[in-house]
Amino acid sequence: MAAPLASKAGSAGTTSKPPFPELDFRSGARVEELNKLIQEFTKHDQREYDDQRALEIHTAKDFIFSMLGMVQKLDQKLPVANEYLLLSGGVREGVVDIDLDELNVYARGTDYDMDFTLLVPALKLHDRNQPVTLDMRHSALCHSWLSLRLFDEGTISKWKDCCTVVDHINGATNYFFSPTKVADWFYESISIVLSEIQKKPQRGMPKVEKVEKNGTIISIILGVGSSRMLYDIVPVVSFKGWPAVAQSWLMENHFWDGKITEEEVISGFYLVPACSYKGKKDNEWRLSFARSEVQLKKCISSSLMQAYQACKAIIIKLLSRPKAISPYHLRSMMLWACDRLPASYLAQEDYAAHFLLGLIDDLQHCLVNKMCPNYFIPQCNMLEHLSEDTVMLHARKLSSVRSDPAEHLRTAIEHVKAANRLTLELQRRGSTTSIPSPQSDGGDPNQPDDRLAKKLQQLVTENPGKSISVFINPDDVTRPHFRIDDKFF
């Protein structure tokens, strides 16, 4: 026993000084302090749903789905049986790649308490074989025009008024589905339906506080009991399969290999109503891989996600003017980092501070080099259109964050705490009574939907903040089918 004791004494003598705390070389901030600040931000940013809030969430969602069922019945344009993708977080949170410069500014706490994005297919191509070939002859990378030649005569007849028309020399006429005209039609249809609904208010029906067209999306804020919920509704074109332009991406190694199946990742994609910097707004759609991104999030560690959410809160405030960087850019960088770095490193629970600093460095690197590849279509540079002055302005702003990350985290914490205080204050002023779920349009008014309400309450309570994919028939909105995915980021 003597030898080990002597060895211990010797080693103790050489390490008599306490280990120096781990510091960030650039800012001098203590890594332990940064980790604690990120944890505090996460605590205030994440929201717990009690039974009352869960029922209010169901009530708002039931109202939105009923409204969309009525929109379908107006002129039969929307598919009779449709599949929506419901994502936690609004468009301004970067849940889909849509330009933010056309959107009005809404603030959590001031304008809403919870936000969602709902992708609503106006057209579906679900019977196509893989890979899906799109008409990209007139578009920038990651964008496409959509000819209605892919559809039957009935579909062309329904949507002619939402198309731009191109006449060819040979006398043929081609109808291109127009994102701007579809958005105009969608907004007008929703306005008509909401006007009709409000003429015959039902007990417990949400109050429509705001309906606005923001570029090509429709933003609706509903008041339900003591909650205000923002729904960003996006008309999209839905595809099964995978686009040919992204086929090479599947050939590479990725962080999700072996964790989820390729079938889950490539189950479908969308065209969203957004054009490129020099594109023709009336014709050009942007490819979106929102369904795949929901799946990929399952493979990202909680500490990296906490760092991402904190970094996002910082850059949304700091880089808002001029609008050049969106949270979607940051998310793309995070996905690239997951491919680049070892999974064992990214899984470290106490490395959130390292990940935050790394994300800031990555973003600054992308700005200085004016290069941010789309994760699914790497040949598409999402920063290519920015001017040198703009990227350098934002790079300098990020430099100030990198010099004092702790102070910027404290500011982000104060902002989210202030938003929570506003929400609680409005809840105290608002109704304290239980809000029943409204009856679904088209259903038997004497048939209660308590079973659905309880099911929704259970799903939302057990899966706080998670994304819900819903398959719903507008002729029977009381029978949706739910698929719970991890929270969309």
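Predicted model: local features only at pLDDT ≥ 70, side-chain atom pairs only at ≥ 80, totals over all residues.
Student: Why are the rings of W159 and F177 called an edge-to-face pair?

Tutor: Their centres lie 5.1 Å apart, and centres within 6.5 Å count as a pair. Their planes stand at 90°, and an angle over 60 degrees counts as edge-to-face, so the pair receives that name.

Student: What makes W159 count as buried or exposed?

Tutor: Its relative accessible area is 0%. Buried means under 20%, so W159 is buried. F177 also has a relative accessibility of 0% and therefore counts as buried.

Student: Where in the chain do W159 and F177 lie?

Tutor: W159 belongs to helix α4 (residues 153-159) and F177 to strand β5 (residues 173-177). The two are 18 residues apart, and their pair links distant parts of the chain.

Student: What makes the pair W249 and W256 tilted?

Tutor: The centres of these rings are 5.8 Å apart, within the 6.5 Å limit for a pair. The whole structure holds 21 aromatic pairs.

Student: How do you know that the charged end of K77 sits over the ring of W159?

Tutor: The charged end of K77 is 5.6 Å from the centre of that ring, and the distance limit is 6 Å. The criterion also requires a position within 35 degrees of the ring normal; K77 is listed as sitting over the ring.

Student: How do you know that the span of helix α13 agrees with its number of residues?

Tutor: Helix α13 (residues 405-429) has 25 residues, and at 1.5 Å a residue they should span 36 Å. The end C-alpha atoms are 36 Å apart, so the two values agree.

Student: Which elements do the buried residues of α13 pack against?

Tutor: Among them are α2 (31-45), α3 (51-75), β8 (227-240) and α12 (388-403). The buried residues of α13 include L409, I413 and V416.

Student: Which residues have the most contacts inside the largest nonpolar core?

Tutor: They are I64, M67, F177, F186 and I220, in a core of 116 residues. Helix α11 gives the most to this core, with 10 residues. I64 touches L118, I220, L222, Y231 and I233, leaving aside residues up to four places away in sequence. A second, separate core of 17 residues includes V91, I217, V234 and Y270.

Note on methods. Residues numbered from 1 in each chain as written. Heavy atoms only, no water. Helix = DSSP H or I, 4+ residues; strand = E, 2+ residues; numbered from the N terminus. Expected span 1.5 Å × (residues − 1). Buried < 20%, exposed > 50% of the residue type's maximum accessible area, 1.4 Å probe, protein only. Contact = heavy atoms within 4.5 Å. Core = buried A, V, L, I, M, F, W, Y, C linked by side-chain atoms within 4.5 Å. Phe/Tyr/Trp six-rings, centres within 6.5 Å; stacked < 30°, edge-to-face > 60°.
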